[in-house]
Amino acid sequence: MAQSFDYDSATRAPASEEGHADTTPLERLAEIAARTAEESGKFANVDAILRIPVTMQVVLGSATIPVANLMKLGRGAVVPLDHRVGEPVDVVVNGRIVARGEVVVVEEDNSRFGVSLTEIVGPLGQGDS
């Protein structure tokens, strides 16, 4: 089962760091990682680690169909997925589920979509079944 935490309270700046309230959660995470690495002395250059590219996917759903049905698919065919409208979508980084969220429109003209994160999956080995 996935372990989750309250995303809003985890990304909110502590009272002692109110000056960072205008930073994004990812920027805060990068700052925390950099401070932790500097304090522990384990990494000589955190910037090199933070520049490592990863593949991120948002999985809207999946389907299992026989090859014969796959061969019959053509333009305009609809393949039903296992997720329903309104269910959380999985956010996958390098093949591992790291979060879940809701699909949202990110521009006024409805031409682009994004994901609003609602749940962060716990440490490795927890949450991916």
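The pLDDT is the predictor's confidence in each residue, on a scale from 0 to 100. The protein chain averages a pLDDT of 76, and 71% of the residues score at least 70. The structure is a predicted model: local features need pLDDT of at least 70, side-chain atom pairs count only at pLDDT 80 or more, and totals for chains, interfaces and linings use all residues. Residues are numbered from 1 along each chain as its sequence is written, and side-chain values use heavy atoms, with hydrogens and water left out.

Helices (H or I, at least four residues) and strands (E, at least two) are DSSP runs, numbered from the N terminus. Among these elements, helix α4 (residues 67-72) has the highest mean pLDDT, 94. Helix α1 (residues 7-11) has the lowest, 46. Over residues 1-18 the pLDDT is below 50. Beyond near neighbours in sequence, this stretch has 24 contacts in the model, a contact being heavy atoms within 4.5 Å.

Four strands form an open sheet. Their order is β1-β2-β3-β4, and the pairing is antiparallel. Two strands pair if DSSP finds at least two bridges between them. The edge strands, β1 (56-59) and β4 (113-120), each pair on one side only. From one strand to the next, the twist averages 40 degrees. Axes here are lines fitted to C-alpha atoms, for helices over the stretch in contact, and angles run from 0 to 180 degrees between N-to-C directions. Strand β1 is joined to β2 (residues 89-93) by four bridges, and the two run antiparallel. Gln-57 has Val-92 in β2 as its bridge partner.

Side chains of opposite charge can pair when their charged atoms come close. The structure holds two salt bridges, each defined as a side-chain nitrogen of Lys or Arg within 4 Å of a carboxyl oxygen of Asp or Glu. Arg-100 forms a salt bridge with Asp-90, with the closest N and O atoms 3.1 Å apart. This pair links distant parts of the chain: Arg-100 lies in strand β3 (residues 96-105) and Asp-90 in strand β2, 10 residues apart. Both Arg-100 and Asp-90 are buried. Buried means under 20% relative accessible area, exposed over 50%, and partly exposed in between (1.4 Å probe, protein chains only). Arg-100 counts as buried because its relative accessibility is 16%.

Arg-100 also meets Glu-119 in a salt bridge (3.8 Å, N to O). Glu-119 sits in strand β4, 19 residues from Arg-100 in strand β3. Through shared partners, the salt bridges join Asp-90, Arg-100 and Glu-119 into one network.
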